Amino acid sequence: MRRRNKGKGQNKNLLSAYGVMTSIYDGVDMQASYWHEKWKQGDIAFHQFKGSPLLKAHFSALQLPVQSRVLVPLCGKTRDIAWLVANGHHVVAAELHEAAVVQLFADMEIEPKVMHLVEPDLIHYQANPNGLRIDIYVGDIFRLTETLIGKIDAVYDRAALVALPLMMREKYTGHIRNLTDNAPQLLISFDYQQDLLPGPPYCVNRDEIVQHYGDNYRISLLASEDVKGGLKGKIAANEEVWLLQKNT
Ligand SMILES: C[S@@+](CC[C@H](N)C(=O)[O-])C[C@H]1O[C@@H](n2cnc3c(N)ncnc32)[C@H](O)[C@@H]1O
């Protein structure tokens, strides 16, 4: 079940898909209300109750020493954070919807400290399980700065890049590169025929990944799996795992 948009045509398709979405997804504020509404409605099919099997299968490709600091952008209430901590890593994360972060800590049975930051305007949830640090910032990821979050050793992007429309993906990938000084990434994306489904999740195929990250990273495909039953039960799609290693 593999369908791909090829080359330049893809962006055109993505932009037309973005056009379809503008009534609910027009600019940063509308993007935020779209996600807040999804959380309020419990419409969170992206959430994996046991975490991502692809993280468990491929995280070792990053070859990180224990106590590395891993950035999890657009984290939702992912169980993957508990897995990263159980495997000895510090986690820094960002999420718009505060109730998701409250639930994330409740699921881990950890009571975080909560601090309201003024500049940048964010809420900081912080905990220290087993001598490791979890720092989750509630608010728009674009408010995070390098100074605020400190040195990042790797990025784990699952359902983050693919959650954003094309125009925001360009801004997001630049922001992640700047925030992390091009730290290596494990990136999980979808490849499917964009004009069959408006997204999110959006199709982010090899050509687009190269477009965003090719100047700074060596990019390798670690796995590509059919989405069983199709994406949203409708569309043939592949879920792909990418290793991005900083160009030396
Ligand atoms: C598709 S979900 C993925 C969540 C998580 N990565 C997972 O694997 O379950 C995308 C998440 O990004 C959050 N989000 C969207 N835009 C954001 C932004 N600009 N800043 C921070 N979080 C954002 C949404 O609230 C949502 O929880």
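A salt bridge, as the term is used on this tour, is a side-chain nitrogen of Lys or Arg within 4 Å of a carboxyl oxygen of Asp or Glu. The model is predicted, and local features need pLDDT of at least 70, side-chain atom pairs count only at pLDDT 80 or more, while totals for chains, interfaces and linings use all residues. Residues are numbered from 1 along each chain as its sequence is written, and side-chain values use heavy atoms, with hydrogens and water left out.

Begin by selecting Arg-143 and Asp-121, whose side chains form a salt bridge with an N to O distance of 3.8 Å. Arg-143 belongs to the loop between strand 5 (134–138) and helix 6 (146–149), and Asp-121 to the loop between strand 3 (113–117) and strand 4 (122–127), so the pair ties together parts that are 22 residues apart in sequence. Helices (H or I, at least four residues) and strands (E, at least two) are DSSP runs, numbered from the N terminus. In the whole structure, a search finds six salt bridges.

Next, select the ligand and the 15 residues around it, of which Gln-31, Leu-74, Glu-95, Ile-141 and Arg-158 come nearest; a residue counts as near if one of its heavy atoms lies within 4 Å. This shell consists of nine nonpolar, three polar and three charged residues, and helix 2 (residues 27–41) gives the most to it, with three residues.

Now display the polar contacts, which are pairs of N or O atoms within 3.5 Å. A nitrogen atom of the ligand is 2.8 Å from a polar backbone atom of Leu-74, and a ligand nitrogen is 3.1 Å from a polar backbone atom of Leu-96. At Asp-140, an N or O atom in the side chain is 2.9 Å from a nitrogen atom of the ligand. The protein covers 97% of the 600 Å² of accessible area that the ligand has on its own, with areas from the Shrake-Rupley method and a 1.4 Å probe.

Stay with Leu-74, which has a positive phi of about 50° although it is not a glycine, and which is placed in the loop between strand 1 (69–72) and helix 4 (80–86).

Pro-200 is found in the loop between strand 7 (185–192) and helix 8 (206–213).

Note on methods:
A polar contact is a pair of N or O atoms within 3.5 Å; within protein, one must be able to donate a hydrogen and the other to accept it, and residues adjacent in sequence count only if both atoms are side-chain atoms. Ala, Val, Leu, Ile, Met, Phe, Trp, Tyr, Cys and Pro count as nonpolar, Asp, Glu, Lys and Arg as charged, and the others, Gly among them, as polar.
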